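Q: I have a new model open and would like to go through it slowly. Could you take me through a few places in it?

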Amino acid sequence: MGRRDEPPRLDGGGFAAWSRDRLACARRGAEECGDVWQLEPGVYVASAAAECEAVLRRARDFPKASAPLFPPLRRSDGGAPTREERSYAHAARMRGLRAQAVAARTGRIAPRTARFAEQWPDGEDVEVLPLVRHALADIGVHYLFSEDAPLLLPHAAGLFLAREALVQPSRWVWPRWVPTPARRFRTRQQTAFTDALRPVVRRRRSSGLLGDDLLGQILQPSPHHGLLPEQAVLDTLPGITVATFETPTRAAGWILLQLARHPEAADRVAAEAGSLPADPAATTGAHLGGLRYTQALVSEVLRLYPPSWLLTRQVARRTRLAEYTLDAGSTVLVCPYTAQRDPREYAEPDAFRPERWLHEEGTPSGDGVFLSFGTGPHGCEGTALAMTMLTLLTAQTARRHRLSEPAGPRPSHQVTTLEGLATAGLRLRATARG
């Protein structure tokens with residue numbers, strides 16, 4: 001057991017003050033303050049765009065922490081997954097998560113985004129994030145498990161609660177082998193999820209009806225590796241299940257808040273969403289591709305308010321970063337929040353301008369460092385799925401409603417930075433469009 005040796009998590013006011021200081025520092029130039037700065041001995045912060053991107057791309061020098069949120073459960077043979085099994089599991093997941101696979105299932109995602117918009121209470125101030133989380137969990141779990149989703153949805157909720165318990169700030173860092181209450185709760189929830197999923201895997205394999213969802217893709221045999229072992233299938237799914245809705249929920253909160261604060265942009269999204277089919281199940285990847293301004297708005301919100309605003313990397317070997325020589329074992333904090341507001345990358349970096357993501361002909365622009373989904377070898381596996389869910393949720397909501405913040409002197413939310421940048425307690429009012 002030891003004291004937590006990391007920068008404290010910041011509340012909303014602390015985060016705002018910290019970010020203003022770092023942004024002002026970055027704008028005074030590297031000569032005065034540096035694009036990488038030392039927070040305390042052995043802890044460095046990369047705040048400028050180029051340095052943040054470099055850390056994420058240099059995975060050998062700055063590897064991602066190896067401890068997963070949901071580590072593999074104990075195997076009957078007592079062993080751990082091999083490196084080959086982990087690599088194969090990643091490749092198997094990506095068969096169902098790459099952009100082409102997501103586009104092919106757009107018609108199954110769209111109806112649930114429309115249902116979210118249809119069920120939003122009209123004319124009431126409602127807390128947004130619980131509604132969004134429920135909708136995105138429904139979408140994500142159905143994307144992963146199709147007809148077996150109703151069985152697994154309650155267990156997905158349990159995994160989310162376990163995650164929330166694990167990431168709560170603590171004064172102490174306990175060794176991984178210590179069975180803290182939060183870790184015991186995680187194990188119980190992970191075991192319950194796995195016990196529910198195991199008969200699904202066995203039924204699909206024994207029947208040969210693997211399905212075209214993500215689980216079906218994972219169960220497909222590889223010409224090089226054959227079948228992924230059952231335990232490896234079960235170990236790979238708790239984390240990806242929570243990831244389909246936990247981080248996108250934070251992003252959706254910021255998106256809906258900007259729709260309320262920028263009604264002209266919301267009107268433009270609503271007009272564009274008029275091109276979507278009346279039957280959401282008929283939505284295709286081509287329809288999604290036509291939502292160019294909506295995608296630009298989503299990208300702009302993710303630029304300004306990256307859901308994962310601070311990423312941690314460990315230094316694997318002595319190396320250089322900017323003007324510093326970093327020893328092995330040091331920690332580097334990568335800050336997408338400041339990187340994506342770097343004036344060397346974006347004109348008017350603090351301004352909300354979705355148009356910056358469009359070329360004149362209306363196609364998405366690739367200008368500027370964009371790290372909201374990470375980059376390099378450890379970039380987010382679910383980028384295509386998250387962008388599809390967020391784009392359709394935005395379009396369907398703006399198509400049906402005008403959003404507004406409750407009247408009053410206090411903001412409709414509180415900024416929190418616990419494991420991500422979120423609009424805690426966000427309340428909005430929806431008024432039906434004509």
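A: Let us begin with a term: contact, or touching, means heavy atoms within 4.5 Å. Please keep in mind that this is a predicted model, in which local features need pLDDT of at least 70 and side-chain atom pairs count only at pLDDT 80 or more, while totals for chains, interfaces and linings use all residues. Residues are numbered from 1 along each chain as its sequence is written, and side-chain values use heavy atoms, with hydrogens and water left out.

Q: OK, so which residues does Leu288 touch, leaving out those up to four places away in sequence?
A: Leu288 touches Gln295, Thr388, Thr391 and Leu392. Leu288 itself belongs to helix α13, residues 285-289, where helices (H or I, at least four residues) and strands (E, at least two) are DSSP runs numbered from the N terminus.

Q: Is Leu288 buried or exposed?
A: Leu288 counts as buried because its relative accessibility is 11%; buried means under 20% relative accessible area, exposed means over 50%, and partly exposed lies in between, using a 1.4 Å probe and protein chains only. Leu288 also lies 7.9 Å from Thr106, C-alpha to C-alpha, although 182 residues separate the two in sequence.

Q: Switching topic: what order do the strands of the open sheet come in?
A: The order is β2-β3-β9-β6, four strands with mixed pairing, where two strands pair if DSSP finds at least two bridges between them. The edge strands, each pairing on one side only, are β2 (36-40) and β6 (311-314).

Q: And how do β2 and β3 run?
A: They run antiparallel, and four bridges join β2 to β3, which covers residues 43-46. One of the residues to look for is Trp37, whose bridge partner in β3 is Val45.

Q: Which helix lies across those strands?
A: That is helix α2, residues 49-57, which lies across β2, β3, β6 and β9 (331-334) and runs at about 125° to β9. Such angles run from 0 to 180 degrees between N-to-C directions, and the axes are lines fitted to C-alpha atoms, for helices over the stretch in contact.

Q: How many aromatic pairs are there?
A: The count comes to eight aromatic pairs, under a rule that pairs rings of Phe, Tyr and Trp (its six-membered ring) if their centres lie within 6.5 Å, with planes under 30 degrees apart counting as stacked, over 60 as edge-to-face and the rest as tilted.

Q: Why is the pair of Trp254 and Tyr305 stacked?
A: The pair is stacked because the ring planes are at 0°, with the centres 4.2 Å apart. Trp254 sits in helix α11 (residues 246-261) and Tyr305 in the loop between α14 (292-304) and β6, 51 residues apart. Trp254 is buried because its relative accessible area is 4%, and Tyr305 is buried with 18%.

Q: What about Trp357 and Phe370?
A: They form an edge-to-face pair, 5.3 Å centre to centre, with 80° between the planes. Trp357 is buried at a relative accessible area of 8%, whereas Phe370 is partly exposed at 22%. Ring pairs also link both of them with Tyr346 and Phe373 into a cluster.

Q: Last one: where is Ser372, and what does its side chain meet?
A: Ser372 is in the loop between α15 (336-339) and α16 (383-400). A polar atom of the Ser372 side chain lies 2.6 Å from the backbone oxygen of Leu302. Ser372 counts as buried because its relative accessibility is 10%.

Definitions and conventions. A polar contact is a pair of N or O atoms within 3.5 Å; within protein, one must be able to donate a hydrogen and the other to accept it, and residues adjacent in sequence count only if both atoms are side-chain atoms.
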